[in-house]
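Reader: I would like to learn how to read helix packing and ring pairs in a model. Can you take me through one case?

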Amino acid sequence: AAPARPIQRWSQRRAAARCVEQGMRCPSDSFGGCGPERMLAKKLPTLFTQAAVRVVLEQEATYELGTTPTAKALKAALEATPIADGDEWLLAHLSHSDSDTRLAAVRVLELRTAYAREGFDWEQLQREAIDEADKANQALMAAFMERQLGEGVAAAAADEGGSEAEGCDGSQAEGDAGKDGRPDGGKKAESSGQAAAEP
């Protein structure tokens, strides 16, 4: 990640200090009766199912026996039904009519728990989550500042356009004036002079 700017580091320190002073407790019933950790935990089985399928396919590929029945069954299952919900996907394939598909589903079921315990890097998850939150905040602040700057430039351009319009009107009036600076070009003065010269 790119290094944070001084104002960003100051904002992060201020937010951290505020959290220490005021606490960071999120009510345990905030998300449909559960806390954020529990909510995320409910979503992870689907992710672990997807990961377990890839792990099994990788393991099957190391046998160097061509396409094994397990690998063939898993690939066919993925093509027929993408994993949108891990539990529903496993349940459907545990009761599949094809025996290879059922055995593959059992393999995935067992491996996803082992992966959650030993394969998944929880420390990396924490680092990645914090990094993504920081990058998202930086991107949002940059977009906000760009929008504010754009609105300021647009307002300045509008003000400048109004001033130029007034200047054009003034120039036009000056162009209509005669050499003596009068709008009628001195025609009235010439008419008065002619009238005085006549007897």
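Predicted model: local features only at pLDDT ≥ 70, side-chain atom pairs only at ≥ 80, totals over all residues.

Reader: How are two packed helices described?

Author: Two packed helices are described by the angle between their axes and the distance between the axes. Take helix H2 (residues 36-61) and helix H5 (residues 99-119). Their axes come within 8 Å and cross at roughly 110 degrees. Angles of 65 to 115 degrees count as roughly perpendicular. H2 and H5 are therefore roughly perpendicular to each other.

Reader: Which residues of H2 and H5 make the contact?

Author: On H2, the contact is made by Pro-45, Phe-48, Thr-49, Ala-51, Ala-52, Val-53, Val-55, Val-56, Gln-59 and Glu-60. On H5, Arg-107, Val-108, Leu-111, Arg-112, Tyr-115 and Ala-116 take part. By class, that gives eleven nonpolar, two polar and three charged residues.

Reader: At what angle do H2 and H4 pack?

Author: H2 and helix H4 (residues 86-94) pack at about 50 degrees, with their axes 7 Å apart. H2 and H4 are therefore oblique to each other. Pro-45, Thr-46, Thr-49 and Val-53 of H2 meet Gly-86, Asp-87, Trp-89 and Leu-90 of H4. The classes here are four nonpolar, three polar and one charged.

Reader: Which residues of H5 are buried?

Author: The buried residues of H5 are Thr-101, Ala-104, Ala-105, Val-108, Leu-111, Arg-112 and Ala-116. The N-terminal end of H5 is capped by Asp-98. A side-chain oxygen of Asp-98 lies 3.3 Å from the backbone nitrogen of Asp-100.

Reader: Now the rings. How is a pair of aromatic rings described?

Author: A pair of aromatic rings is described by the distance of the centres and the angle of the planes. The count comes to five aromatic pairs. In one of them, Phe-48 and Phe-120 are 5.3 Å apart, centre to centre, with 70 degrees between the planes. This pair is edge-to-face.

Reader: Which parts does the pair of Phe-48 and Phe-120 tie together?

Author: Phe-48 lies in helix H2, and Phe-120 in the loop between H5 and helix H6 (122-176), so the pair ties together parts that are 72 residues apart in sequence. Phe-48 is buried, at 7% relative accessible area. Phe-120 counts as buried too, at 17%.

Reader: Why is the pair of Tyr-115 and Phe-120 edge-to-face?

Author: Planes over 60 degrees apart count as edge-to-face. The planes of Tyr-115 and Phe-120 are at 70 degrees and the ring centres 6.2 Å apart, so the pair is edge-to-face. Tyr-115 counts as partly exposed, at 22% relative accessibility. Ring pairs link Phe-48, Tyr-115, Phe-120 and Trp-122 into a cluster.

Reader: Is Arg-112 buried or exposed?

Author: Arg-112, in helix H5, is buried, with a relative accessible area of 14%. Its side chain makes a polar contact of 2.8 Å with the side chain of Thr-49. Leaving aside neighbours within four places in sequence, Arg-112 is in contact with Pro-45, Phe-48, Thr-49, Ala-52, Gly-86, Asp-87 and Leu-90.

Reader: And what does Glu-60 touch?

Author: Glu-60 sits in helix H2 and counts as buried, at 5% relative accessibility. Not counting residues up to four places away in sequence, Glu-60 touches Thr-68, Thr-70, Ala-71 and Arg-107. The side chains of Glu-60 and Thr-68 make a polar contact of 2.6 Å. Glu-60 and Ala-71 are eleven residues apart in sequence and 6.2 Å apart in space, C-alpha to C-alpha.

Key. Residues numbered from 1 in each chain as written. Heavy atoms only, no water. Axes fitted to C-alpha atoms, helices over the stretch in contact; angles between N-to-C directions. Helix = DSSP H or I, 4+ residues; strand = E, 2+ residues; numbered from the N terminus. Parallel < 35°, antiparallel > 145°, perpendicular 65-115°, else oblique. Contact = heavy atoms within 4.5 Å. Nonpolar A, V, L, I, M, F, W, Y, C, P; charged D, E, K, R; others polar. Phe/Tyr/Trp six-rings, centres within 6.5 Å; stacked < 30°, edge-to-face > 60°. Buried < 20%, exposed > 50% of the residue type's maximum accessible area, 1.4 Å probe, protein only. Polar contact = N/O pair within 3.5 Å; in protein donor to acceptor, adjacent residues only side chain to side chain.
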